Amino acid sequence: MIDYRLKDDYEIAKSICEKYVCGYSPLDVTDVIVSNRMTRNLGVCEWDTRTGKSKIKISYSLVDKKYPRKLRQATLIHELLHAYFPKEHHKGRWSKFAKVISQNTDYNIERLADSEELSALQTVRKNDYKYVVVCERCGREVKKTRMCSIVRYPQFWRCGKCGGTFKRVV
């Protein structure tokens, strides 16, 4: 199943990969889905060694209208390369074909998000948090999207900057 919000971009990314990664066949990509839980990654390719099938998950921030389509397609190309070469991570053939695609197209396929992608992501995720914990001494804010130990029990945590105690604000 391919998420309807990613269908067109996935087809473009797939055609680019098929054009430049000749002679190799990707793992069977069964799903391309949008994950509401991904806040630190733009995407991930999970593959099952028993079945030879892979699943691509894309961060919900990438399907926002503010996020540039070209960068969303570059993320899909990145993850599709992982489907082609699942055991190589960001080395070997993955790296080779990422360079080939980057040199021959307008897409910049890197191991990590570049400054353009991160700045676009920040405009989308500006207020993308539920909880705020503040240091009572220096005022440092810690923003969290999910309930966790520091949000639940801020009094048991200390600030890494000044050693002060935390207080939950939101």
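This note goes through a predicted model of one protein chain, from its overall make-up to single residues.

1. Basis of the model. Because the model is predicted, local features are reported where pLDDT is at least 70 and side-chain atom pairs where pLDDT is 80 or more, while totals for chains, interfaces and linings use all residues. Residues are numbered from 1 along each chain as its sequence is written, and side-chain values use heavy atoms, with hydrogens and water left out.

2. Overall make-up. The protein chain holds 5 helices and 6 strands, where helices (H or I, at least four residues) and strands (E, at least two) are DSSP runs numbered from the N terminus. Read from the N terminus, the order of the elements is α-β-β-β-α-α-α-β-β-α-β. The C-alpha trace spans about 60 × 35 × 30 Å along its principal axes. Of the 170 residues, 41% count as buried, a class set at under 20% relative accessible area, with exposed over 50% and partly exposed in between (1.4 Å probe, protein chains only). Among contacts (heavy atoms within 4.5 Å) between residues at least 6 apart in sequence, 59% join residues at least 24 apart.

3. The sheet. An open sheet is formed by 3 strands in the order β1-β3-β2, with mixed pairing; two strands pair if DSSP finds at least two bridges between them. Its edge strands are β1 (28-35) and β2 (43-48), each of which pairs on one side only. Neighbouring strands are turned against each other by 20 degrees on average, direction ignored. Strand β3 (residues 53-59) is joined to β1 by 7 bridges, and the two run parallel.

4. Ser59 in strand β3. Ser59 lies in β3 and stands opposite Ser35. With a relative accessibility of 0%, Ser59 counts as buried. Although Ser59 and Asn41 are 18 residues apart in sequence, their C-alpha atoms are 6.8 Å apart in space.

5. Helix α2 and its neighbours. Helix α2 packs on the sheet, where it touches β1, β2 and β3, and its direction makes about 160 degrees with that of β3; such angles run from 0 to 180 degrees between N-to-C directions, and axes are lines fitted to C-alpha atoms, for helices over the stretch in contact. Helix α2 (residues 69-84) also packs with helix α3 (residues 92-104), at an angle of about 145 degrees and with the axes 10 Å apart. The contact is made by Ile77, His78, Leu81 and His82 of α2 together with Trp94, Phe97, Ala98 and Ile101 of α3.

6. His89 sits in the loop between α2 and α3, and has a positive phi of about 50 degrees although it is not a glycine. His89 is exposed, its relative accessible area being 55%.

7. Cysteines. Cys45 counts as buried, at 13% relative accessibility. For Cys162 the closest cysteine sulfur is in Cys135, at 3.5 Å, and this too is too far for a bond; Cys162 is partly exposed, with a relative accessible area of 26%. The structure as a whole holds 0 disulfides, a disulfide being a pair of cysteine sulfur atoms within 2.5 Å.
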